[in-house]
Amino acid sequence: MSLWRLEWLRLVRTRRLLALVGVFAFFGLTGPLLARYTKELLKRFGGGVTVNAPPPTPADGIAQFMANGQQLGLLAVVLVAAACLAFDGQRESAVFLRSRVRRVADLIVPKVVVTAAATGIAFVLGVGLAWYETAVLLGRLPAGRVLLGTALELLYLAFVLAVVAGAAGVTRGVAASALTTLAVLVLLGIAGSLGAVGRWLPSHLVGSLSDLARHGRPGDYLASFLVTLALIPLVLAWSIHRLTRRDV
Amino acid sequence: MTAAGPSLETSGLVKRYGGVLALAGVDLRVPEGSVCGLVGPNGAGKTTLLAILAGLRRPTAGTVRIAADRRGVAILPDTPQFDPWLSAREVVDLARALVAPGLPHGRVDEVLADAGLADDADRRVGGFSRGMLQRLGLAATVVGRPQVLLLDEPCSALDPAGRREVLDLVARLAGSATIVLSTHILADVQQVCDRVAVLRAGTLLFQGPLDELLIGRAAPAYVVRLRPPVEPVERALAAEPWVTGIERMGAVELRVEARSLEEAQRGLVRALTAAGAAVVAVEPAAADLERVFLEVTA
C-alpha cells in the first residue's frame with residue numbers, strides 16, 4: 001500500500017470519483033440535448049411561450065455543457081479536493097500520516113496529482129460526450145479549438161485544486177477549506193470582470209472552451225494561461241510550506 | 001535494561017500556545033531501551049511533549065535530540081483514527097510501506113495477530129470499536145520496528161483484557177525500543193515502566209528510576225489488619241506522638257503513617273498491645289505511586 005494507492009482508494013471507495021465523473025458526464029450528455037431541443041421543449045411545456053431564436057449551432061452544444069456543468073462541476077471538484085487535502089481537520093488521522101513521512105510534500109503530491117487526474121478524466125469525459133452528441137445533433141465542431149479550449153479549462157481546474165491546497169494550508173477542516181476556496185474563486189471572478197486586468201487572471205480561462213468553439217481568438221487567453229501556469233506551482237509550494245510549519 | 005546513553009533528550013523545551021505556556025523548560029532524558037512513564041494531571045503538557053518529540057509540533061524554544069532516524073520514531077495518539085474505508089490490514093500495511101518498506105508483508109499479519117486483530121484484518125475500520133482502533137493503532141505503530149515509541153494513553157479505551165495485552169506488548173518491546181508512555185493509570189506505570197517523569201503545568205517535577213521516586217518520596221507507613229472493633233485502636237494510635245496520620249482502608253485495615261521508620265518499628269507493636277488490639281497482620285505499606293504522585297504534584 002503506497003500513498004498513491006491510498007489516494008486512489010479514497011476516490012473509489014468514497015465514491016467521489018463516481019460523483020466527479022457523474023456530474024460532468026451528466027451535463028456532457030444533457031448540454032447538447034438542451035441546446036438542440038430547447039425551442040421544442042419550450043413550445044411543448046412553456047405554456048404558450050413563443051421563442052424566436054436562430055437555429056442552434058454546434059458551438060451552442062458545448063456552450064450549453066459548460067453553462068450547466070461549470071458551476072456544479074466546479075463545486076464537486078472543490079468539495080472532493082477539500083475532502084482529500086484538508087487532512088489536518090482530523091488530528092488523529094493526520095498524526096498517523098504525518099509521523100510516517102519524511103516531508104509533508106510526500107503526502108501532498110499524491111493527493112494533488114491523483115485528484116487532478118480524476119478531475120481531468122471526469123472533465124475530458126464530459127467534453128467528449130458533449131462533443132460527440134453535438135456532432136450527432138448539431139454538427140461538427142472545430143477539433144483544434146475544442147482541444148485548446150479543453151486544455152485551458154483543465155488548466156483552470158488545476159489552478160482550483162492548487163487554491164484548495166492553499167486553503168487547506170490556511171484553515172483546518174473540509175468545510176473551511178472548501179468555503180475559503182469558493183470565496184477566493186468568487187473574488188477572482190469579480191476582479192476579472194473589472195477591467196483589462198481580468199485578462200491576466202486565471203478566472204479569464206473560465207468559458208474559454210465555449211468562446212473558442214465560437215471562433216474566439218486563442219491569443220486572448222495567452223496572458224491568463226501564462227499567469228495561471230506560474231501560479232499553480234507557487235500556490236502549491238506555499239501550501240506545502242504552510243502545512244509543513246503547522247502544529248498538529 | 002540497557003542504559004548506554006540517552007536515546008531521547010530534550011533541553012530547555014518551551015512551548016507556548018499564544019499566551020498559554022504548555023511546556024516551561026523541560027529537560028527530559030530517557031536512556032536507550034528504557035520504558036519511561038510520563039505522568040501528570042490533565043493539562044500538564046504530556047501530549048504537547050510527545051507531539052514535539054514526534055516532530056509534529058515545533059517547540060517555541062529548546063532542543064530535542066533523538067538517537068534515531070525520523071522514521072524510527074513512532075507515535076500512537078490517545079484516540080487513533082484512520083480512514084474508515086480502509087481495512088485493518090491496509091492501515092498496517094500502509095504504515096509498514098511508509099516507515100519500513102523493506103520488511104516483508106508477513107510482518108503486517110504478525111503485528112495484527114499480536115494486537116488481537118487477526119480475525120478482523122480484512123474488515124473496514126469504520127466499524128471498529130474504540131478499543132479495536134486503539135489496538136490497531138498500536139499495531140500500526142510497532143509494525144516498522146521503531147527505535148523510539150511514543151505512546152499517548154495507549155490503554156485509555158481498553159477493557160481489562162485489552163489493557164493487559166497492550167501492557168504485555170509494551171513489556172516485550174522494552175529493551176529493543178525506547179518507550180515513552182503517557183498515562184493516567186499509575187498502576188500501568190508501576191507494571192511496565194522502569195523510569196518515570198512527572199509533569200505538572202509544563203514543568204518536569206521529577207524524572208528518574210521508578211524505585212528512586214517511590215523510595216525517596218513515600219512516607220514511612222505500616223498497614224495494620226485487625227479484628228473488630230477497630231475504632232478504639234484507631235483512637236489510641238492517633239494519640240501516639242510519632243503517628244503523623246491514620247487512614248481507614250476498608251472495614252478492618254488501618255494505614256498508619258509515622259514520623260520516622262525507626263519510631264514506627266519501636267512503637268507500633270507496643271501501642272497496639274497497649275490498646276488491646278486483636279492483630280491479624282502488620283506489614284510495611286508498599287510504596288504507592290498514586291500516593292507519591294499526589295504528593296509530588298500537590
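Here are some notes on this predicted model, for someone meeting it for the first time.

1. Start with chain B as a whole. Its C-alpha atoms fill a box of roughly 70 × 45 × 40 Å along the principal axes. You will find ten helices and 14 strands in it. Of its 298 residues, 50% are buried. The accessible surface of chain B is about 12,900 Å², and carbon and sulfur atoms hold 52% of that.

2. Taking contacts with a separation of 6 or more, 70% are between residues 24 or more positions apart.

3. Now look at the six-stranded sheet in chain B. This open sheet has the order β6-β7-β8-β4-β9-β10, and its pairing is mixed. At the edges stand β6 (73-76) and β10 (203-209) of chain B, each with a single partner strand, so one side of each has no neighbour in the sheet. On average, neighbouring strands here are turned by 15° against each other, direction ignored.

4. β6(B) pairs with β7 (residues 148-152) of chain B in the parallel sense, over four bridges. If you want a spot to check by eye, B:Ala74 has B:Leu149 in β7(B) as its bridge partner.

5. What packs on this sheet? Helix α10 (residues 289-297) of chain B does, touching β4 (35-39), β9 (195-200) and β10 of chain B. The direction of α10(B) makes about 40° with that of β9(B).

6. Is B:Cys193 buried or exposed? With a relative accessible area of 8%, B:Cys193 falls under the 20% cut-off and therefore counts as buried. This cysteine is found in the loop between α6 (186-192) and β9 of chain B. Leaving out residues up to four places away in sequence, B:Cys193 touches B:Val35, B:Cys36, B:Gly37, B:Asp188 and B:Leu210. Take B:Gly37 from that list: B:Gly37 and B:Cys193 are 156 residues apart along the chain, yet their C-alpha atoms are separated by 5.7 Å.

7. There is a four-stranded open sheet to look at too. In chain B, its order is β12-β13-β11-β14, with antiparallel pairing. Here β12 (243-248) and β14 (279-284) of chain B are the edge strands; each has a single partner strand, so one side of each is left without a neighbour in the sheet. From one strand to the next, the twist averages 20°.

8. Within that sheet, follow β11 (residues 221-226) of chain B. β11(B) is joined to β14(B) by five bridges, and the two run antiparallel. B:Val224 stands opposite B:Val282 in β14(B). Helix α9 (residues 261-274) of chain B lies across β11, β13 (253-258) and β14 of chain B, and runs at about 15° to β11(B).

9. Over in chain A, have a look at helix α5 (residues 105-137). This helix has 33 residues and reaches 47 Å from its first C-alpha to its last, close to the 48 Å expected at 1.5 Å a residue. Just after α5(A), A:Gly139 takes a positive phi of about 125°.

10. Finally, where do the chains meet? The contact between them involves 25 residues of chain A and 33 residues of chain B. Together the two chains bury about 2,700 Å², with 54% of it on carbon and sulfur atoms. On the chain A side, A:Met1, A:Arg13 and A:Arg100 supply 28% of the area that chain A buries against chain B, more than any other three residues.

Technical notes. Residues numbered from 1 in each chain as written. Chains lettered and ligands numbered in written order. Predicted model: local features only at pLDDT ≥ 70, side-chain atom pairs only at ≥ 80, totals over all residues. Heavy atoms only, no water. Expected span 1.5 Å × (residues − 1). Pairing = 2+ DSSP bridges. Axes fitted to C-alpha atoms, helices over the stretch in contact; angles between N-to-C directions. Contact = heavy atoms within 4.5 Å. Buried < 20%, exposed > 50% of the residue type's maximum accessible area, 1.4 Å probe, protein only. Areas by Shrake-Rupley, 256 points an atom, 1.4 Å probe, with all protein chains shown as cover. Buried area = accessible area lost by both parts, 1.4 Å probe.
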